[in-house]
Amino acid sequence: MHCAITINTAKKNYKKIILNYLIFIIPIIIIFFLPVKDITIQKMIADLSARNLFTDAIIAVASTKGNLEIINYELNTNLFNFYNFKINLFFIIVSTIPYYFFITYLKSYNFLKNKKINQNYLLVVIFPYLSLFAIGDTGRWINLISFTSLTFISQFPLKKKVQSFKLTKQKNLQYLINFIYFIIILIYIFFIRMPHCCDLQKKGITIWGGISEKILAFSKIISKDKDDFYNINKRFKE
């Protein structure tokens, strides 16, 4: 289950927000300073292997001395790996910055009832998720960040209905801006895929793919392409 944190900026300040986050310090300490027993790890690997399921994460944990050591492994895989880092950074921007500038737009054109809204609070609210990019699972954190950003902005009532998103009074320039928006949205929906985790460069995974690749793959399956990659019987076992 996903949950989103919302902050009423008129009632809370940064100090109170940070204080609320400190509540999670104790469980974090418990999780990362109590090592997992070897017998537990081996049992998990055996159970997953018996079902032909993903075991890479468990094996990675098993290769470290304890839960705290896995952080070093994840940092080197995601944060200090430039290939992974730039992909994570790209998705951080596309899941956060649009909401940030949309709040700025609503304030600038006097759409919001509350004029004291500070869009910087959005960055404070999603910071815990941003920090988790260091330990991978890109898709999971992007999903949470997007939900949080949407929930954050949705809590502020509008003073008047937004008829159209216009950045300029010049029609020709606005048409150009709208066209650029359309192209960006088209590319993002059909040609961009969101990697899940791990060493993306080693696996040759990029951000490109999306629905367009799914359509191509489906057409090859229907046409019974000879490539084993599109052979459902060979790729998916009972």
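Q: Before we dig in, what kind of model is it, and how are residues numbered?
A: It is a predicted model, where local features need pLDDT of at least 70, side-chain atom pairs count only at pLDDT 80 or more, and totals for chains, interfaces and linings use all residues. Residues are numbered from 1 along each chain as its sequence is written, and side-chain values use heavy atoms, with hydrogens and water left out.

Q: Great. At what angle do H6 and H8 pack?
A: Helix H6 (residues 82-108) and helix H8 (residues 138-154) pack at about 5 degrees, and their axes are 9 Å apart. That makes H6 roughly parallel to H8. Helices here are DSSP runs (H or I, at least four residues), numbered from the N terminus. Axes are lines fitted to C-alpha atoms over the stretch in contact, and angles run from 0 to 180 degrees between N-to-C directions. Angles under 35 degrees count as roughly parallel, over 145 as roughly antiparallel, 65 to 115 as roughly perpendicular and the rest as oblique.

Q: Which residues of H6 and H8 meet?
A: On the H6 side they include Phe-91, Thr-96, Tyr-99, Phe-102 and Leu-106. Among their partners in H8 are Ile-142, Ser-149, Leu-150 and Phe-152. Contact means heavy atoms within 4.5 Å.

Q: How do the residues of that contact divide into nonpolar, polar and charged?
A: The contact of H6 with H8 has 11 nonpolar, 6 polar and no charged residues.

Q: Let's zoom in on Tyr-99. What is it in contact with?
A: Tyr-99 is found in helix H6. Leaving aside neighbours within four places in sequence, Tyr-99 is in contact with Leu-122, Ser-146, Ser-149, Leu-150 and Ile-153. The C-alpha atoms of Tyr-99 and Ser-149 are separated by 6.5 Å, though the two are 50 residues apart along the chain. Tyr-99 is partly exposed, with a relative accessible area of 22%; buried means under 20%, exposed over 50% and partly exposed in between (1.4 Å probe, protein chains only).

Q: And Thr-148, buried or exposed?
A: Thr-148 counts as buried at 0% relative accessibility, and its place is in helix H8. Its C-alpha atom is separated by 9.3 Å from that of Thr-96, 52 residues apart along the chain.

Q: Switching topic: how many residues are in the largest nonpolar core?
A: It has 18 residues, and Leu-106 and Phe-152 have the most contacts inside it. H6, helix H7 (120-131) and H8 each supply at least two residues of this core. There is also a second, separate core of 7 residues, including Ile-87, Phe-91, Ile-192 and Ile-207. A nonpolar core is a set of buried Ala, Val, Leu, Ile, Met, Phe, Trp, Tyr and Cys residues joined through side-chain atoms within 4.5 Å.

Q: How many aromatic pairs turn up?
A: A search of the whole structure finds 6. Tyr-100 and Phe-101 have ring centres 5.7 Å apart and planes at 85 degrees, so the pair is edge-to-face. Rings of Phe, Tyr and Trp (its six-membered ring) pair if their centres lie within 6.5 Å; planes under 30 degrees apart count as stacked, over 60 as edge-to-face and the rest as tilted. Tyr-100 counts as buried at 19%, whereas Phe-101 is exposed at 52%.

Q: What about Phe-102 and Tyr-105: why is that pair stacked?
A: Their ring centres are 6.3 Å apart and their planes are at 15 degrees, so the pair is stacked. Both lie in H6, 3 residues apart, about one turn of the helix. Ring pairs link Phe-102, Tyr-105, Tyr-109 and Phe-111 into a cluster.

Q: Last one: where does Asn-110 lie, and what is its phi?
A: Asn-110 lies in the loop between H6 and H7, with phi near 60 degrees, a positive value in a residue other than glycine. Lys-224 also has a positive phi, of about 55 degrees, and lies in the loop between helix H11 (210-222) and helix H12 (232-235). Most residues other than glycine have a negative phi.

Conventions:
Nonpolar A, V, L, I, M, F, W, Y, C, P; charged D, E, K, R; others polar.
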